[in-house]
Number of protein chains: 2
Amino acid sequence: MKINQNYSRLEESYLFSTIAQKVSAFQTDHPKTEIIRLGIGDVTLPLCSAVVQELHKAVEEMGHKDTFHGYGPEQGYPFLKASIRGHYAVRGVHLDPDEIFVSDGAKSDLGNILDLFDVDNTVLIPDPVYPVYVDTNLMAGRKIVYLDANQENGFLPMPDEQVKADLIYLCSPNNPTGAVYTKEQLKQWVDYAAYCGAVILFDAAYEAFVQEDDLPRSIYEIDGAKECAIEFCSFSKTAGFTGTRCGYTVVPMALQREGMSLNHMWLRRQTTKFNGVPYIVQKGAAAVFQEEGMQQIRKNIAYYQHNAKVIADTLTGLGIWYTGGKNSPYIWLKCPHEMKSWEFFDWLLQEAHVVGTPGAGFGKNGEGFFRLTSFGDQDKTAEAMQRIQKLLK
Amino acid sequence: MKINQNYSRLEESYLFSTIAQKVSAFQTDHPKTEIIRLGIGDVTLPLCSAVVQELHKAVEEMGHKDTFHGYGPEQGYPFLKASIRGHYAVRGVHLDPDEIFVSDGAKSDLGNILDLFDVDNTVLIPDPVYPVYVDTNLMAGRKIVYLDANQENGFLPMPDEQVKADLIYLCSPNNPTGAVYTKEQLKQWVDYAAYCGAVILFDAAYEAFVQEDDLPRSIYEIDGAKECAIEFCSFSKTAGFTGTRCGYTVVPMALQREGMSLNHMWLRRQTTKFNGVPYIVQKGAAAVFQEEGMQQIRKNIAYYQHNAKVIADTLTGLGIWYTGGKNSPYIWLKCPHEMKSWEFFDWLLQEAHVVGTPGAGFGKNGEGFFRLTSFGDQDKTAEAMQRIQKLLK
């Protein structure tokens, strides 16, 4: 019996547990102080009423023999795939229903997609980044090449033809930096992938936060992307589904490597190792793309966008460098007074009772930076920014 | 870019698609004939009212800011883990809450658990068997040794010390044969695993159908199993959750290999590649183990068990050899008149308009056998058996 020894080489991530310990220790020492949390990327607004209504209806269906649903198609019900297809069509992206796979969230599929690729591939991953890209590849023992994202490139690294990669992770709008690639920039990535024969794994989980019309919300808005990219998306941030679990992955028919269709490989993977998303949840998700649901989720996104603006405006006023905030729920700022990430974390907690996420937790290039999220309560976010302004002005 | 070439070596499974085509062709030729389907292992009774009520409550909670649930723990909410723990305690199996992982179904975890093991392991898989065990290992390129299950051993193969394995799949009550291991038999498997240093992957998805008190429903009823076995279970057949998606996997703390805790490895795998089961679904699942829910699901299981008895009694009356039916929703019969599996399938469809599953679809030892399921409607199941009796007596 041999275990997968790559697991023994994984480093434990103490980022969020260390944050929790520090916050808890501070609260114990200062029981009357109100701490405001702008650290974790979880939503706080409830599901919108159009979704709640559909969920209730679907629950009722499941309780009666003639409307009960047993096993559904592993790749998702046609009604939800049709809604997702419509969502793409609005932006001029035409997908075949068989190119859409409904999932229980982008995180699962971003990890599981690696089943399709040999261990002997070189993976290009930006730094700083959502830690899941790195850990899932370390678990499989793949070689990782990091791509420096930094203040100089606005945390939007571009391809280097000297470096050759087989798999490329791109996340736009980015977690944690909030930076968004333009169409021209993504075109360079698509061209580079075509040149290398690489596959881009495009994480579009935050696409709903893009406000500027000329910024791409899907990589398939770029010519040639269907021949080289898989896109991962989610209802988590779009419609507050972090605890409801639904997403979707697009694997185009045009995406072929070594004579195999990656679409057929993924279909085979999912029909073998997955049994679909709950019928109830899929009905709720479909409501998101109906007129009423769409209006309601836009209102929720606007609520978070308002928070992002309050944070961004405060930082602008203080002359602090940052990315994100406008087309993203995240604001990534340079720690003032040349502080290191954890130093600023401690200082902000002690002096303003505000919790954020130290950038160093997302990779070496995150050192000296800090992430704030717009997913909190509006009043509390405004108060947090007043405290920060008072502290730093 | 190298794809995972193991996928190109997978054989397409045409079992259920061939069945669907044959049934559809027959129906087109005989539009007025009522076909009765006893082929697919999907439930037909709706969710019980205790579950429906909890689902509605949870949906309501998700619609209000003060009761909304965002990201939950990847390994499941404590309230559901406590219910599952209680379910095991009834049978004298004591688990630590951290040994229980709530999943979106046994199928997902049975596939994903393989992440923890090196490719260079020998896998022992009974034949015939649920096809997922074979396909998930072929996808990873592992060496498979088949274990002959046949009429001679009552489709309950026992270990052979001459054959050495690293991973061992056991499914009891078995899919497709319905055969159930006794405690003494499982003890031999646990001893063999200890001798080999192997890990048993125990699929207990049908444990709720065990009626005889002295038959084990969990491998942890066997001394020593916590040192060598992972158990997969599901609400799918227990509570009709095939379309609602919830299961659980037990990885004991005592299970260590090469100095690593498989429990910690699985926790790391799940926190990295999974984001938990919907809060709503977990609330519904917890209702299954409450008094009212337990009474209701027992009634549903009794409904299917009645079907199984009707099928079994008919076969007994006809002098046809079979396994299963009493402690399992499946009945595995020897095709009459020395017919081959597909030959009997065609004959039964043509002459009795009854659909079952050809045993040959589950492995070479399935040839000449046939699976009937008890998950259908009671009246239709009774009529199907009357037709079969008339045809075969």
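**Helix packing and chain symmetry in a predicted model**

Chain A averages a pLDDT of 97, and 100% of its residues score at least 70, where pLDDT is the predictor's confidence in each residue, from 0 to 100. This is a predicted model, in which local features need pLDDT of at least 70, side-chain atom pairs count only at pLDDT 80 or more, and totals for chains, interfaces and linings use all residues. Residues are numbered from 1 along each chain as its sequence is written, chains are lettered from A and ligands numbered from 1 in the order in which they are written, and side-chain values use heavy atoms, with hydrogens and water left out. The model scores ipTM 0.97 and pTM 0.97.

Let me turn to a pair of helices. In chain A, α11 (residues 341-352) packs against α12 (residues 378-392) at an angle of about 105 degrees, with the axes 10 Å apart; α11(A) and α12(A) are therefore roughly perpendicular to each other, a term for angles of 65 to 115 degrees. In contact, meaning heavy atoms within 4.5 Å, are A:Trp347, A:Leu348, A:Glu351 and A:Ala352 of α11(A) with A:Arg387, A:Ile388, A:Leu391 and A:Leu392 of α12(A). The residues of this contact divide into six nonpolar, no polar and two charged.

Now to the two chains. Chain B superposes on chain A by a rotation of 180 degrees with 0.0 Å of shift along its axis, at an RMSD of 0.0 Å, and the two copies are thus related as by a two-fold rotation axis. Which residue of chain B comes closest to the rotation axis? B:His56 does, with its C-alpha at 3.0 Å. Finally, 100% of the interface residues of chain B are also interface residues in chain A, so the copies meet through the same surface.

How values were computed
Axes fitted to C-alpha atoms, helices over the stretch in contact; angles between N-to-C directions. Helix = DSSP H or I, 4+ residues; strand = E, 2+ residues; numbered from the N terminus. Parallel < 35°, antiparallel > 145°, perpendicular 65-115°, else oblique. Nonpolar A, V, L, I, M, F, W, Y, C, P; charged D, E, K, R; others polar. Least-squares fit on C-alpha atoms with pLDDT ≥ 70 in both.
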